[in-house]
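Here is a short note to read beside the structure. Please take the points in order and find each one in the model.

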Amino acid sequence: MQATLNIKRYILHLALLCLCCAVVPAGRATAGEILIVLSQDIASYKETARAISQHLSLQIDQTTAEQISEEDEPLPLGQYRYIIAVGAKATREVLNSPLTAPLISTFIPRRTYQQILSENPLHPLISSQQTTAVYLDQPLARQIRLARLISPRAKRLSTALGPDSSKDLALLKQAAEAQQMVLSHALLEQDSNPIRQLQPLIENSDMFLTLPDRAVFNRTTAKWILYISFRQRVPLIGFSRKYVEAGAIAGVFSEPEQIGRQTAELINQLPAQPGQLPPPAVPKYFTVETNETAAHSLRMPIPAADVLETALEEAER
Amino acid sequence: MISIQRCCRLIPLTLQRLPVLAVLVALPPVHASDFSEADLLTDIPTVVSASRMPQPLAETPAAVTLIDREMIEASAALNVPDLLRLVPGIQAFHVSYNTFGVTYHGVSDNFPHQMEVQVNGRSIYIPLLSAVTWETLGLVPDDIERIEVIRGSNMPSQGTNAFLGAINIITRYGTRPEGSTLSTTQGERGEQRYRFSHQGHAVALDYQFNAGYQQNDGNKLFQDRIDKSYFNSRHSFTPSLNDQFDIQLGFSQGEVFTGDGDHSGNQFIGREFHQNYQQLRWLHTLDLQQELQLQFYRNRLKADVDPIPAEAVPQVQEEAARNGLSSEQFTQLLGIDGTLLRPSREHGDTTVNDLELLYRFQSAGRFNLSSGLGYRYESIKSDAILSRADRQSSQRRRLFSNLSYQLSPEWIWHLGALYEEDERNRAFSPRTGLSYQLTPEQTLRLSLSRARRLPSLLERKISVDIRQNASNNFALLDQQFCSNDELKPELNESIELGYLLRPAGKHGGLFDLRLYQEDISDALTDHFIPFADQLDNRCIQVHNGARWRARGVEFQLKQSLSPADFMVLSYGYNNVEGIEDRGLKGIEPLDDTAPLHTASLLWKHQFSSDLSFSLAGYFMSTVNWLEGATVARPRKAYRRADMQLAKLWRLRGDNEAEIALIVQNLFDEEYSEFYEFNSFRRRGYVRLALRY
């Protein structure tokens, strides 16, 4: 009986070993210089990781947050020069793991990254400034500048804030003022009546800016924001490609490939000897998308997307 | 394929009578309730009809064609069925000047019964006629945002009538600026249309309503005129971010003349109609992944055909003589004043009450599910078609589910099923398929389905007898239809291979190809059986007696040629082989009851932001419509070209005015649709609209 059990255990270990080898192709035996940790093994994270690999000439290992949290085998502590966490979950898992290499969190929203830092102030990597980030979301100034480029005469900018995006109200007001716009907003909660709150807000504005909040909020408000802004002929700036496809007149966002490229460039610029990491960075590469059908319906001629993109790039130089 | 109309061949009485997964795949998981990148990438709510889930075209379990607003505006269509000519494989035709039939892959009479048609999720299938009465709808192309057409069986999503295809018409709501539109269309054959629409808001309520009037003189030969008025309203109330109530109400009423255009001297009969509907929908978002929808709707149609007036008796008598009825028999039948019978059987009162609960679940990444249950109560009261005064009813219960599972980044597995039962039958209709993403732009799809359509209330209960007048003690003269409560479900076993190409980029376009084989068996047909009566000793009984195989290929190519041009080319090749057993009349072939080729081409050029020109061309090859044509005299192939020139003026404020010149059958090549004498020449219209 004991022999049978031993054989079973041996087979189980063998299977686990094979599985680990399959998951981390470079293998722990010949560890690379960079470890990329994906929040999940899905397309957007993988595209970010692919772009990082394309623009780096270093040896790269790749794993997922789930594998790190469930890993029975000891991790090769200190063996990597940098760890790149793609997304919020990966960032949290890396900070919860014994991994000690400097951490670059990428493809992560600014607010999420800041919250993770504030939740773990005593973590050695955080306290020694061995962490940095490449944000996924666009700086507010860039989004409002896009609104200005589309509607040079707009004076009144409005937005709907949810439980999370409301934290950015002060920053948002500042960014609007910098573009000589007056910001008005509505705070929407779960039991808010969207028509009652959005209708007067949109009616009294020249431009509406959508800000990302929790997904449920984004999805439930989007329909009414799109409907009402269209009816009032108020152009809408969307925060994602999906928003532009759904009816926003334009939007600025970064693709996984662009975030991955910037992350790789960040690593290439770091000194060979690890020291403090630079402060987090907003997306350097971005895409502007316009919706010609929406523009036509609003009777609002807008510049081509590439013209807007170039204008934004020049304004930030 | 049951044809109420067939009984009119026996005596002279005219009896007349359809996205997320890519995003979700890319959509990271939700981490607890914290804000994360998943929230930025979330889907902003796209094709719902195929699986009752918002899905991009590349991930639907069936072939889907979208007719979008751009196509609708370019089409020069005045009637909704005309828009459906742009869908590959679909045949839309005038049965008379103001009545229409829409079928998929032919094999139809003037009351196509194997396609489900919905407006905003409400079935508009009429139990009284077991078909859609397009002319009674208060719906014009200007009301429509888009039409989703499922090519092929779609029972797991849209119920038993979606046997060969399904159409969901989504009206324009929230996609027009607040304000009003006043429009009129004037043209050929006394066509006059007036329409007013308004959309706005009041505190917490979003609303829209429209009202309109239409009349024309009909075909020159038959004077089959129409006049109708209608009103529709829609209101949305949003008590919280997670709840939305939609209320839709409407009615239409008027009179339309219908008849058989197979003889030039046929008398067309006026049918008054009163139609109304109420639809209530509650949509509740449980969380990011789960949604509940509860919907109730009620449709009612009351159609009135007056008994034959004395002054019409000579014409009816003449028609009777052509059909071999002696004047003695005629007198026996109608008496001298001819007031005992209705000249058309499209008479009665019918209701549909439908309640449905739908649950949608979208997991972050791999798994999408929509399931539901529904209950439908249908009733018909008609002394013309049921030969009895009381109301006949049917209760149906259904359970349905659709599942999409992402096997790998390239493979999606689809599984769907409908279980439905009524008093007499129960049926299980499964569908399964696989989608394979060849490249981000190309998708292959393989689907298998077995669809069983429950016989409708009319098909089971139709009973038509002709009795003599009072002086003859109302003795039975002729039993035209005998009811058959033993009908089995019709069966459609189909296999299809689809290919979808959506090139990236601004002028990306779309190419959608479908190869299919559909084996239809136990299809309903009119079966002549012996029956002792005074006229012909036989009656028609609806019977599971037809079967055919349809094989073919169809495609649609949509392409922007330049920033100012776009074109849509649709083509369907459909080869049908089959037979129907008509009892005493023997076995008849069905091989030529579907056109081999159906094609359309739409092209629009925008000269400037306020001036556009569009051309639409249609082709249908020879077809022998059931009841509409004969083997000896099939409907000939036809070509038709329509054009539209539209000019917009921007007035002060947000006001604008538009004038459009529309010419249908531009080259004036006379052609007939469905019936030989239901012919069309060039016709012109002017449309004026003021938006303010």
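**Notes on a predicted model**

1. Of the 317 residues in chain A, 47% are buried. The model is a predicted one, and this should be kept in mind for every point below.

2. Chain A contains 14 helices and 11 strands. How far apart in sequence are the residues that its contacts join? Taking contacts in chain A between residues at least 6 apart in sequence, 74% join residues at least 24 apart.

3. One helix pair in chain A deserves a look. Helix 7 of chain A covers residues 140–150 and helix 14 of chain A covers residues 305–316. Their axes come within 10 Å and cross at roughly 125°. The crossing of helix 7 of chain A with helix 14 of chain A is right-handed.

4. Which residues make the contact between these two helices? Helix 7 of chain A supplies A:Arg142, A:Arg145, A:Leu146 and A:Leu149, while helix 14 of chain A supplies A:Leu308, A:Ala311, A:Leu312 and A:Ala315. Sorted by class, the contact of helix 7 with helix 14 of chain A has 6 nonpolar and 2 charged residues, with no polar ones.

5. Next, the cores. In soluble globular proteins, nonpolar side chains tend to be buried together. The largest nonpolar core in this model has 98 residues, and B:Leu83 and B:Leu86 have the most contacts inside it. Strand 27 of chain B (residues 538–562) gives this core its largest share, 6 residues.

6. If its neighbours within four places in sequence are left aside, B:Leu83 is in contact with B:Ile67, B:Ile72, B:Ser75, B:Ala77, B:Pro141 and B:Ile147. Another core, of 90 residues, lies apart from the largest one; A:Tyr80, A:Ala160, A:Ala250 and A:Ala294 are among its residues.

7. Last comes the contact between the chains. It takes 49 residues from chain A and 41 residues from chain B. On the side of chain B that touches chain A, the elements giving two or more residues are helix 1 (20–25), helix 2 (37–40), strand 11 (191–202), strand 12 (205–216) and strand 13 (226–240) of chain B. Which of them gives the most? Helix 2 of chain B does, with 4 residues. By class, the side of chain B that touches chain A has 20 nonpolar, 12 polar and 9 charged residues.

Technical notes: Residues are numbered from 1 along each chain as its sequence is written. Chains are lettered from A and ligands numbered from 1 in the order in which they are written. This is a predicted model: local features need pLDDT of at least 70, side-chain atom pairs count only at pLDDT 80 or more; totals for chains, interfaces and linings use all residues. Two residues are in contact if their C-beta atoms, placed from the backbone, lie within 7 Å. Ala, Val, Leu, Ile, Met, Phe, Trp, Tyr, Cys and Pro count as nonpolar, Asp, Glu, Lys and Arg as charged, and the others, Gly among them, as polar. Axes are lines fitted to C-alpha atoms, for helices over the stretch in contact, and angles run from 0 to 180 degrees between N-to-C directions. A crossing is left-handed if the near helix is turned anticlockwise from the far one by less than a right angle, and right-handed if clockwise. A residue is buried if 20 or more other C-beta atoms lie within 10 Å of its own, exposed if 12 or fewer, and partly exposed in between; C-beta atoms are placed from the backbone. A nonpolar core is a set of buried Ala, Val, Leu, Ile, Met, Phe, Trp, Tyr and Cys residues joined through C-beta atoms within 7 Å.
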